[in-house]
Amino acid sequence: MQPGRIARSWRGFRDVLKGTGESHLEASIQDHLFGYERALAHPLTVTIVLGVIIGLAVSGALILALRRRISGTSYSGAFRRWRSWCWLVGVIFVPVLAGAFWTMLAVMVLSLLCFREYARVTGLFREKTICAVVVLGILLVTAAAIDHWPDDRLFFALGPLVGAMIVIVSIPFDRPRGFIQRVALGVLGFVLLGYSLGYISNMANVTNLAHTGIDFRPLVLLLIAAVEFNDMLAALIGRTLGEKAILPTTSPRKTWAGALGAATLTTALVTAAGGWLFQGTPIAEPGWLIGLGLLISVLGQLGDLTLSSIKRDVGVEDVGATLPGHGGLLDRFDSLVLVPPAVYHYLSLALGPDGPLGSEGPHRILTGGWGG
Amino acid sequence: MEDWTLRPAKDLDLAGADRHRSYDRESGLVANVARFAWWTMIRGSLKLMHRLEIHGRENLPEFPSFVLVANHASHLDALVLGATLPLKLRDQLFPLAAGDVFFHTPALAAFSATVLNALPVWRKKVGAHAIQQLRSRLIDEPSIYILFPEGGRTRDGSMRPFKSGIGMMTAGTQVPVVPCHLEGTFEAFPPESYLPRLHKVTVRIGAPRTFEHLDNRRPGWDEVSGLLEKDIKTLAGEQPPPDSHLATVDPVQNPSPMTSHTTSTRN
């Protein structure tokens with residue numbers, strides 16, 4: 001790469017950041033990354049935002065109303081959970097509505113915080129070099145999403161390359177005992193919390209879904225809302241109706257009734273919302289939509305069970321104490337870890353010639369004209 | 001280094017200031033990097049501003065656990081002692097710091113825990129339990145403590161009598177204790193001033209002692225602090241008072257500070 005090119009592409013990015021881009025491409029990049037004007041452009045975004053805010057208000061009022069009827073400890077527990085939810089909703093909604101750049105930044109922070117909890121619960125945090133490579137991998141995933149190399153080739157390259165890097169940096173320590181465990185924990189941490197969650201950043205590159213003018217906001221919000229809705233339904237139905245646990249040794253509280261109930265209701269919700277969102281695209285077929293709903297619901301619950309398995313293996317109840325009432329951040333976002341890649345590739349498949357997801361640009365903000 | 005065990009952080013269920021104040025605290029990558037930057041900066045500034053001179057570095061045990069004790073005149077003291085150690089030991093180095101100063105607010109506690117890696121000692125309520133915790137931590141985990149047995153900074157430049165906490169932590173253990181003498185830190189950063197001044201600082205590191213033969217009881221504790229106080233006075237070039245009860249100590253069991261060289265062992 002010639003120095004002149006680096007300077008030019010940096011100037012381009014700086015202009016984007018300063019909002020002084022003049023060409024058509026730069027203006028559209030700036031609009032996509034930082035443009036909050038289109039925040040509420042799609043009615044589904046408005047519906048989800050309003051629905052969640054109303055849901056929070058109603059549940060808050062309910063907790064207050066039941067204050068006298070329930071014990072002090074269950075009231076304060078419920079209140080702390082509710083308050084943590086308010087914070088979470090804020091830190092999810094604000095970046096997504098603010099623009100793609102902020103969404104990617106928020107996903108990066110989420111990845112880093114989740115990986116921190118994962119490393120602390122498994123003991124991987126004592127292996128500083130492996131942790132440093134995973135952190136670097138998360139930063140690179142974010143940079144690749146911002147850069148948006150055509151067809152996301154840079155992003156996809158990072159899966160195998162960062163995995164290999166974790167193996168490579170572990171070799172020179174000359175500690176063959178425990179090598180497999182250390183490397184495997186590093187790779188699992190990166191795949192689940194860096195790469196998989198990074199797909200949400202990747203999805204934030206959607207600016208004009210199959211020429212319908214729809215951007216990433218309703219898509220990302222629908223994904224997160226459906227996963228969390230599914231999670232709550234599984235717990236709620238499981239607690240009230242269920243008896244037979246799916247995996248009694250892994251998680252005695254997750255029951256078949258909860259799983260099936262959540263799958264049915266989540267699929268119904270995703271089919272309805274998806275039918276609205278994907279109107280005019282090849283995805284708006286009942287088959288594709290029901291498949292999408294089942295994918296989100298089943299993988300969401302499997303993500304939950306993944307973290308339960310990790311916690312059981314280590315022998316802890318919660319992975320941290322970051323969120324009062326929930327445990328760690330990872331206790332809340334465990335259902336999200338398997339969903340984003342599956343949804344990304346599923347939608348890309350469904351889009352056919354209009355795909356893959358987010359292929360419409362903008363492209364190569366950081367790498368400029370480098371590397372052909 | 002151990003092979004591998006699936007062992008979660010001991011402070012997993014703690015958050016915020018509770019975690020920073022805990023003796024079970026275990027730190028990760030962020031603190032590791034912050035400490036690297038901090039100690040690199042401190043070494044540079046001590047060399048530049050205070051022309052730091054270190055004598056007797058060969059007396060430092062190669063591996064944790066061990067304890068560095070010294071006379072205390074200034075907030076620079078722990079930094080000077082930390083700067084005598086190799087940078088790679090920065091995560092095992094735990095200065096014992098006054099809880100009421102260094103862990104008073106959550107922000108201060110975060111700084112003291114993350115950057116300084118300090119462990120709080122609550123001076124007003126320092127119970128036997130807290131000291132017992134510090135003692136077991138020293139035995140169970142590779143740690144280096146920095147401790148000032150005077151219990152606080154001198155206000156007039158002269159050394160105050162040593163308290164027995166160091167004895168409670170090390171009497172009857174194989175943990176080496178390294179006596180050090182600091183010169184010039186009182187002039188460089190006296191307790192009443194807000195900024196350090198350009199003044200030369202010298203640190204003399206004496207030979208380590210172990211107190212395995214002593215009982216973990218009051219007479220043993222007093223003997224530990226008495227011996228270390230004498231060592232530091234010797235390092236300072238002062239003669240201990242002739243009527244000192246230390247004159248009776250068996251010289252075979254307690255080699256003189258300049259002859260022995262103990263390698264680190266764990267109990």
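**A quick tour of chains A and B**

In chain B, strand β3 (residues 93–98) pairs with β5(B) in the parallel sense, over 3 bridges. That's a handy way into this structure, which is a predicted model. Chain A, for its part, has 13 helices and 0 strands. The two chains also touch: 15 residues of chain B are in contact with 22 residues of chain A.

**Strand β5 of chain B and its partners**

- For B:Leu68, the bridge partner in β5(B) is B:Ile146.
- So what about the faces of β5 (residues 144–147) of chain B: which residues lie on each side? B:Ile144 and B:Ile146 sit on one side, while B:Tyr145 and B:Leu147 sit on the other.
- Those four residues are all buried, and both faces of the strand are covered.

**Two helices of chain B**

- Helix α2 (residues 29–50) and helix α3 (residues 76–83) of chain B pack at an angle of about 100°, and their axes are 10 Å apart.
- With that angle, α2(B) is roughly perpendicular to α3(B).
- On the α2(B) side, the contact is made by B:Trp39, B:Ile42, B:Arg43 and B:Leu46.
- On the α3(B) side, the residues are B:Leu79, B:Val80, B:Gly82 and B:Ala83.
- Sorted by class, this helix contact has 6 nonpolar, 1 polar and 1 charged residues.

**Chain A at a glance**

- Read from the N terminus on, the elements of chain A go α-α-α-α-α-α-α-α-α-α-α-α-α.
- Its radius of gyration is 21 Å, close to the 21 Å that the globule rule gives for 372 residues, so chain A is as compact as a globular protein of that length.
- Along the principal axes, the C-alpha atoms of chain A fill a box of roughly 70 × 55 × 40 Å.
- Of the 372 residues in chain A, 42% are buried.
- Among contacts in chain A with a separation of 6 or more, 71% involve residues 24 or more positions apart.

**Where the chains meet**

- What touches what here: how many residues of chain B are in contact with chain A? There are 15 of them, and they meet 22 residues of chain A.
- The chain B side of this meeting place divides into 9 nonpolar, 3 polar and 3 charged residues.

Note on methods:
Residues are numbered from 1 along each chain as its sequence is written. Chains are lettered from A and ligands numbered from 1 in the order in which they are written. This is a predicted model: local features need pLDDT of at least 70, side-chain atom pairs count only at pLDDT 80 or more; totals for chains, interfaces and linings use all residues. Two residues are in contact if their C-beta atoms, placed from the backbone, lie within 7 Å. Ala, Val, Leu, Ile, Met, Phe, Trp, Tyr, Cys and Pro count as nonpolar, Asp, Glu, Lys and Arg as charged, and the others, Gly among them, as polar. Axes are lines fitted to C-alpha atoms, for helices over the stretch in contact, and angles run from 0 to 180 degrees between N-to-C directions. Angles under 35 degrees count as roughly parallel, over 145 as roughly antiparallel, 65 to 115 as roughly perpendicular and the rest as oblique. The radius of gyration is taken over C-alpha atoms; the globule rule is 2.2 Å times the number of residues to the power 0.38. A residue is buried if 20 or more other C-beta atoms lie within 10 Å of its own, exposed if 12 or fewer, and partly exposed in between; C-beta atoms are placed from the backbone. Two strands pair if DSSP finds at least two bridges between them.
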